[in-house]
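Trainee: I have just opened this entry and would like a guided tour. Where shall we begin?
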Amino acid sequence: MTQINRLPCGLVDQTTTLKFSFNGNIFEGHPGDTLASALLANGQRLVGRSFKYHRPRGIFTAGSEEPNALVELRTGASQEPNTRATVTELFDGLEARSQNHRGSLAFDMMAVTDLLSPFLGAGFYYKTFMWPKSFWEKVYEPAIRSAAGLGSLSGEEDPDVYDKGFLHCDLLIIGAGPAGLAAALNAGKAGLRVILADEDFRMGGRLNAETLSVDGMPGTDWAAKAAGELMNMSNVRMMTRTTVYGGYDHGIYGALERVTDHMPSSGGKPRQILWRIYSKHAILAAGATERPIAFANNDRPGIMLAGAVRAYANRWGVTPGQHVTLFTNNDDGWRTASDLQARGINIAAIIDSRSCDAPAQIAGAEIFMGTHVIDTSGRLGIKSIKLSNRRIVATDCLAVSGGWNPNVHLTCHQRGKPEWRDDIAAFVPGAALPNAMHVAGAACGSLTLAGALTEGHRAADLIISLSGKASHSETPPRAEAEAASISAFWHVQSDTGRAWIDLQNDVTVKDIKLAHKEGYRSVEHLKRYTTLGMATDQGKTANVLALAVMAEQTGQSIRETGTTIFRPPYTPVAIGAFAGRARGRDFRPFRLTPSHNWAAVQGATFVEAGAWLRAQMFPRAGESHWRQTVDREVAQTRKSVGICDVTTLGKIDIQGRDAAEFLNRVYANGFAKLAVGKVRYGLMLREDGFVMDDGTTARLAEHHYLMTTTTANAGLVFRHLEFCRQCLWPELDVHLISVTDGWAQFSVAGPNSRRLLQKIVDPTHNISNAAFPYMACGDVTICGGTRARLFRISFSGELAYELAVPARFGAALISVLMAAGDEFEAIAYGTEALGAMRIEKGHPAGNELNGQTTALNLGFGAMLSDKKDCIGNTLSRRPALVAPDALRMMGFKPVDLSQSLASGAHFVASGKAATTENDEGWMTSVTFSPELGHSIGLGFIKRGHERIGEIVIAADPLRGQSIAVEIVSPHFVDPEGVRLRG
Amino acid sequence: MIINHPLLGPRDAQEFTYFGDASLINRPDWQAEDAAELFYEYLHVRDNPAGEHRELWYHEHGDRSWLVVTRNTLTHEISKVEIARDVALTRRHGQ
């Protein structure tokens, strides 16, 4: 195919040819083209099907506001749906496909929906598919979802990398059109640190699309010269392909830079970068977006915005048609006729809704003032238009201009409300701008080139002086005056034919009238009922037109009707860009224990625990089921000795003259009398009386304590303690530091644990039962002088110790311990065996400390002292929390010992139905007890402590299980604690 | 948002953890006659002003100080940032 619509001009490199494919057809284009300009050059007017009615659609705009020309790009995992062809840079080998049709684009089998349009008006979802109710989920919704809609996802993982970055500047300039460039030149020369960002790949904005002059040279040349000058300033950062998509508090802006989207592949670079820009000042110079006029059948391929038509001719050297017609209500639209005519394109007719003298004469063009376009024809592309004077004009491209809407979006991201200006028939930024934001040029309603240049320059002047610097360029760049008169005209009244307002969502004038008839008065309701202004274009070309039609219905002015709220992002941002590198394994940072590498070599499996990866178990050859591994680890620990890395427990070093008093206030149980060299279990409450965390605290010296927390709550507890220290009791002399990462800690548990430790603890330290009894702690040295701390505490219920060394010795210590344990056949155990042993011993853990349980529930009611203040003490005494039928943590065993218990089962009395009314509690943790040889569980049940021996039903309707269980003591193994004191 | 830390200068709000109303500093007396009622109000009853709000922020990814930030809930303008410990000590001395 040849480029039948290519003109010998424009900012494309016509000496180089790029090949690309659209729906499998190979086309040619040039560097500097967008996919849209290249398709138009090749005469491809039909590019897609509409969302709801599957109407044939073509390219409508030349920018990011495009509602129609959404395509799928690339293939395989890199496939990207809903990409706007108008902002897709052409590269060699680009593959694009149209969306939302069955069969070929030209013969979409779903186009039948267009014939059903009388039934698919505004709110049809809510009206049509009401009955039968069960059909909604199974029939209607899937059918609608597959019939309507946009592109499809590949279903594969995104192969690209996305990055995040942070930038700081004195001045962020959003948009590099005439206003933005003038501002950047001024501010850059004054020495401000400037960031100039533009969504386009070429700086200049509308200067590249128009034929106006600046400072006596063509606008495009001036833009290129200005960009070159700015590029040479070290204090100016030029960011093309970068959309500032959101304005946030305190001068922070979000920007998306498309780094490699214009290349065949990313080549290892991040595809896109999400920038967070911290600015002292910002100038919004985002320009304006043209809007159409609505008339019957105004959605055919070939009907385009007038500004876009001349942008294709001037910038890209492409004419969208050979017999162009123009429908406008303003002077600016006429530029399209004169520009195209100057390039030798036949202008068939100019239709201007204003009843005034023609502002210009265009050779060869019929001019109709005070006339409207009332209908169009052409199934897959426009062929002719019908005028209000009944004339029919043949045309293959109708350029439409209804005026320009300033791009006020970023002024509204912090609740700003735009204001209506009658003279330009458009909304402009309201008076209450975000702090330190200035608006210049078309974005501010200055719709002439001279106005934009002056305003950009002046805005920079202001910021230069606010920054205490001096401007080095006194006069703004100059441009000639131009006619810019407009007379508001929104839509052509029509009894037949649908007039489209929102092309992307297939919303017509009729839909808006219907919504009004049905009682929708607020614009926010109108938007949600008709879907106006939703999806990828957010109604950039549609919203104001819709407001005008709404205003007409209500008899209000547009000013009174108001606009919907603009929210970030300005244009779509891929979720991948927000995620950045935080995906998959890198979703959040994770920590490795000191013995991680050793455990990996042993073949351990790992599990996430809080921010850590912990060894879950250590399977051995011949073990085919995880239970075999866990049972062996438990049995060998209870029989001889097992070693477990417990570094992950939170460790908080607490020092100061008032450390004891501090602990006494943050723990529910008493800590005032803990002796030096002793460890005590501590239960920590929230102020509302529920349990927050538990752990042990060792008194290492007179004013020195070491607290441990659960792995998951380490950060939370530390934050809480700092709150108590700084905000509640600032008079206490106490200091906290987290030493979780500073110490590697191993549990050495089992009857042979002392014998093992005696081999490595230096003989100067007596760790006999008499000298170092249960709950003792102290500094020791190991392996001939290495500093260590020893705690005689037990989670397993066995004779056990925890040995801590500075973290850098942790990796060595696991090998030392295992070697010393060789003669006892010591094993390493993971979190599964740890869990099994703590259930056997009846220790509560995460499942029991779930934020909904009290000390009383856990059987620790007696720990609470009413003689002292502590966090949570007062509210833990609320009547409901101490009611006689409160839940108690108990042990449970199946009556039929061959049955396996399941956590999550709820307890009901024997013979009662498993209903909410009969619910008496639930099973929290279960395990197979290698010691007892059957399944056991922990759980909460009402008045459990008074019901030992009672049989209840553990009902688990979710898994279809119902098991008779006996309520027993939660201490299944060694309830008297003989072993741990041995 | 940017919080102007009294010791560290302007820091991104991402470094902080939000906690709530600064009145949480004023923990009631546990021995008061109506302690249960006082604690209930302390913990659960809050003003929800449209305008200036004094609130606690914790510099979790920084120096671990608790701050009292005066923020306008309508505009997010931050008019004052104090070290919470100073606020608490001043309150003590005022009693």
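This is a predicted model: local features need pLDDT of at least 70, side-chain atom pairs count only at pLDDT 80 or more; totals for chains, interfaces and linings use all residues.

Trainee: What do the side chains of D332(A) and R335(A) meet in?
Mentor: They meet in a salt bridge, at 3.3 Å from N to O. Both D332(A) and R335(A) are buried.

Trainee: Which residues are linked with them in a network of salt bridges?
Mentor: The network links D332(A) and R335(A) with R206(A), E210(A), R310(A) and E482(A). Over all chains, a search of the whole structure finds 62 salt bridges.

Trainee: How far apart are the closest N and O atoms of R57(A) and D506(A)?
Mentor: They are 2.8 Å apart, and the two residues form a salt bridge. R57(A) belongs to strand β4 (residues 56–58) of chain A, while D506(A) sits in the loop between β29 (500–502) and β30 (507–508), so the pair ties together parts that are 449 residues apart in sequence.

Trainee: Are R57(A) and D506(A) buried or exposed?
Mentor: R57(A) is buried, and D506(A) is buried as well.

Trainee: Changing topic: how many residues of chain A are in contact with chain B?
Mentor: There are 31 residues of chain A in contact with 33 residues of chain B. The area buried between the two chains is about 2700 Å², with carbon and sulfur atoms giving 56% of it. In chain A, H250(A), R719(A) and Q726(A) lose the most area to chain B, together 22% of what that side buries.

Trainee: And how many salt bridges are there between chain A and chain B?
Mentor: The count is six. One joins R92(B) to E731(A), at 2.9 Å from N to O. Another joins the side chains of D12(B) and R276(A), at 2.8 Å from N to O. That pair crosses between chains, from strand β2 (residues 9–12) of chain B to strand β15 of chain A.

Trainee: Is D12(B) buried or exposed?
Mentor: D12(B) counts as buried, because its relative accessibility is 11% and the cut-off for buried is under 20%. R276(A), at 22% relative accessibility, counts as partly exposed.

Trainee: What about polar contacts between the chains?
Mentor: There are 16 residue pairs in polar contact between chain A and chain B, counting pairs with both residues at pLDDT 80 or more. On the side of chain A that touches chain B, β15 (272–284), α17 (714–728) and β39 (735–738) each supply at least two residues. α17(A) gives the most, with eight residues. By class, that side has 13 nonpolar, five polar and 13 charged residues.

Trainee: Next, the nonpolar cores. Which residues touch the most other members of the largest one?
Mentor: They are L35(A), I59(A) and Y312(A), in a core of 54 residues. Leaving out residues up to four places away in sequence, Y312(A) touches several residues, including L40(A), I59(A), M304(A) and V318(A). A second, separate core of 40 residues includes L875(A), A22(B), L56(B) and V87(B).

Trainee: Lastly, how many helices and strands are there in chain A?
Mentor: Chain A has 20 helices and 50 strands. Its C-alpha trace spans about 110 × 70 × 55 Å along its principal axes. Of the 982 residues in chain A, buried residues make up 59%.

Notes. Residues are numbered from 1 along each chain as its sequence is written. Chains are lettered from A and ligands numbered from 1 in the order in which they are written. Side-chain values use heavy atoms; hydrogens and water are left out. Contact means heavy atoms within 4.5 Å. Buried area is the accessible area (1.4 Å probe) that two parts lose on being put together, summed over both. A salt bridge is a side-chain nitrogen of Lys or Arg within 4 Å of a carboxyl oxygen of Asp or Glu. A polar contact is a pair of N or O atoms within 3.5 Å; within protein, one must be able to donate a hydrogen and the other to accept it, and residues adjacent in sequence count only if both atoms are side-chain atoms. Helices (H or I, at least four residues) and strands (E, at least two) are DSSP runs, numbered from the N terminus. Ala, Val, Leu, Ile, Met, Phe, Trp, Tyr, Cys and Pro count as nonpolar, Asp, Glu, Lys and Arg as charged, and the others, Gly among them, as polar. A nonpolar core is a set of buried Ala, Val, Leu, Ile, Met, Phe, Trp, Tyr and Cys residues joined through side-chain atoms within 4.5 Å. Buried means under 20% relative accessible area, exposed over 50%, partly exposed in between (1.4 Å probe, protein chains only).
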